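Subject: Structure handover

Hello,

Here is the structure I said I would pass on. My notes on it follow below.

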Amino acid sequence: TKENIGSHIVRRCNIHDCGQTGIVGHLGGVFSIIEDNHIHHINNKQNLAGAEIGGIKMHAAIDVIYRRNHIHHCTRGIWLDWQAQGTRVTQNLFHDNVFPHIDDDPEMDGNGLAYGEDIFIEVSHGPTLVDNNLLLSSRAVKLATQGVAFVHNIIAGSFVSVGIGTDNGSKTLTSPRYTPYHVPHRTEVAGFMTFLHGDHRFFNNIFVQQEVCTGMK
């Protein structure tokens, strides 16, 4: 519960050249503040790939604040996976977060769409607030979730996976993913539900159209 878990502070660290992830957590990171960090050159060599990679990768970032971080040259900037409820990503600078050599290698078409964006928010119910950020990578946001508000951002990259990625990928049967939602500002589970890719809000953002990556369809 909130009384005995989480509430960590990670502040003013230089985190770099990690093979898999810079900062990672699952539920133990709830109610934390991650701010003023320089996070760069993470997972570039693909020593380890898969579902736990990026500058920051957290499940269940309940009421976590990511603030004023400089995140660049990672295969992914921030990955919020499951239960991004009450989460705020604010005043961060993202750039050059790309999959290695995606623009030079047409063979990377399929894999390339899995990595290489500033923020990936996945199968969460929200509410999640993304505000006052500079998203300058060629792919700004991978969005396979619901309940996200984008407010006062400069977004210079594309959106990926809008409308897909919220099921388990069965080719013949429906395979919805059920993830928990919590009592507001608590860790206790209130229920489980699927995703409709809905209830995203955009207010007062600036969008910059970039040239589409060579390896992107």
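A residue is called buried when its relative accessible area is under 20%, exposed when over 50%, and partly exposed in between, with a 1.4 Å probe and protein chains only. The model is predicted, so to speak of local features a pLDDT of at least 70 is needed, side-chain atom pairs count only at pLDDT 80 or more, and totals for chains, interfaces and linings use all residues. Residues are numbered from 1 along each chain as its sequence is written, and side-chain values use heavy atoms, with hydrogens and water left out.

Confidence

The pLDDT, the predictor's confidence in each residue from 0 to 100, averages 88 for the protein. At least 70 is reached by 90% of the residues. Residues 103–113 have a pLDDT below 50. Beyond near neighbours in sequence, this stretch makes 13 contacts in the model, a contact being heavy atoms within 4.5 Å. Where pLDDT is low, the predicted coordinates should not be read in detail.

The core

Helices (H or I, at least four residues) and strands (E, at least two) are DSSP runs, numbered from the N terminus. A nonpolar core is a set of buried Ala, Val, Leu, Ile, Met, Phe, Trp, Tyr and Cys residues joined through side-chain atoms within 4.5 Å. The largest one here holds 27 residues, and Ile56, Tyr66, Ile78, Leu80 and Val89 have the most contacts inside it. Two or more residues each come from β5 (38–42), β6 (54–59), β8 (70–74), β9 (78–81), β12 (119–122), β15 (139–144) and β16 (148–151). Strand β15 gives the largest share, 3 residues. Leaving aside residues up to four places away in sequence, Leu80 touches a set of residues that includes Met58, Tyr66, Val89, Phe120 and Glu122.

Salt bridges

A salt bridge is a side-chain nitrogen of Lys or Arg within 4 Å of a carboxyl oxygen of Asp or Glu. The whole structure has 12 of them.

Arg186 and Glu3 form one, at 2.7 Å from N to O. These two are 183 residues apart: Arg186 is in the loop between β19 (179–182) and β20 (189–193), and Glu3 is in the segment before β1 (9–11). Arg186 counts as partly exposed because its relative accessibility is 23%, while Glu3, at 59%, counts as exposed.

Glu117 and Arg76 form another, with the closest N and O atoms 2.4 Å apart. Here 41 residues separate the partners, Glu117 in the loop between α1 (109–112) and β12, Arg76 in the loop between β8 and β9. Glu117 and Arg76 are both buried.

Glu122, one of the residues that Leu80 touches, pairs with Arg177 at 3.1 Å, N to O. Glu122 lies in strand β12 and Arg177 in the loop between β18 (158–160) and β19, 55 residues apart. Glu122 is buried, since its relative accessibility is 11%, and Arg177 is buried at 17%.

Shared partners also join Arg11, Glu35, Asp36, Arg67 and Arg68 into one salt-bridge network.

A residue in β19

Thr179 is in strand β19 and is buried, with a relative accessible area of 0%. Not counting residues up to four places away in sequence, Thr179 touches Trp82, Val123, His125, Gly191, Phe192, Met193 and Phe195.

The surface

Leu134, Leu136, Ile154, Ile206 and Val208 make up a nonpolar surface patch with about 360 Å² of accessible area together. Patches consist of residues with over 30% relative accessible area and no salt bridge, with like charges joined within 9 Å and nonpolar side chains (Val, Leu, Ile, Met, Phe, Trp, Tyr) within 5 Å. The areas come from the Shrake-Rupley method with a 1.4 Å probe; for residues, only the protein chains shown count as cover. Val208 is in the segment after β22 (206–207) and is partly exposed, at 36% relative accessibility.

Backbone

Most residues other than glycine have a negative phi, and most peptide bonds are trans. Gly126 and Pro127 are joined by a cis peptide bond, with omega about 0°; Pro127 is in the loop between β12 and β13 (128–131). Gln83, not a glycine, has a positive phi of about 55°. Gln83 sits in the loop between β9 and β10 (87–90) and is buried at 8% relative accessibility. His185 also has a positive phi, near 65°. His185 is in the loop between β19 and β20 and is partly exposed, with a relative accessible area of 48%.

Regards
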